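Here's a quick tour of one model, meant to be read with the viewer open. Have a look at it before going on.

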Amino acid sequence: MNKLLAIEPIRNISYLKGLRKLYDECEIQIRSLNSLNVTFVSYGNLLCPIILQKIPEELNLEFNRYRKKDTEFQIEEFMDFLKREVNCREAANLVNKNNQRQEFPKQE
């Protein structure tokens, strides 16, 4: 849990390396807790405000739009959201980079 507290907050939604690192670190720590037989129920409510403070405000808003209404915070739901969001942004970034290369071919 201390490692999750120590994660640097990501303030810029375009900082993909930071978002990926945040997702990976959360995933590692959650798996570590699971391997110690610590259940989602026991730490999910504690983890919610910690992780939401680490992500950009735009992602926080998007997650709150996405999540099921009138339910408690579910860490699995958040991690699924964050994984999908990071993967989509990385794919879009890759496509944009490829398009830029095609628009401006190297001149010899």
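## Ground rules

This is a predicted model, where local features need pLDDT of at least 70, side-chain atom pairs count only at pLDDT 80 or more, and totals for chains, interfaces and linings use all residues. Residues are numbered from 1 along each chain as its sequence is written, and side-chain values use heavy atoms, with hydrogens and water left out.

Skipping residues up to four places away in sequence, Ile 75 touches Ile 30, Phe 40, Tyr 43, Leu 47 and Ile 51 (contact means heavy atoms within 4.5 Å).

## α2 against α3

These two helices, α2 and α3, pack at about 165°, axes 12 Å apart (axes are lines fitted to C-alpha atoms over the stretch in contact, and angles run from 0 to 180 degrees between N-to-C directions). So α2 is roughly antiparallel to α3, a label for angles over 145 degrees.

On the α2 side, Leu 22, Cys 26, Ile 30, Leu 33 and Asn 34 meet Phe 40, Tyr 43, Leu 47, Ile 51 and Lys 54 of α3.

## A buried glutamate

Glu 77 sits in α5. Glu 77 is buried, at 13% relative accessible area (buried means under 20%, with a 1.4 Å probe and protein chains only). Beyond its neighbours within four places in sequence, Glu 77 contacts Phe 63, Tyr 66, Arg 67 and Lys 68.

Notes
Helix = DSSP H or I, 4+ residues; strand = E, 2+ residues; numbered from the N terminus. Parallel < 35°, antiparallel > 145°, perpendicular 65-115°, else oblique. Buried < 20%, exposed > 50% of the residue type's maximum accessible area, 1.4 Å probe, protein only.
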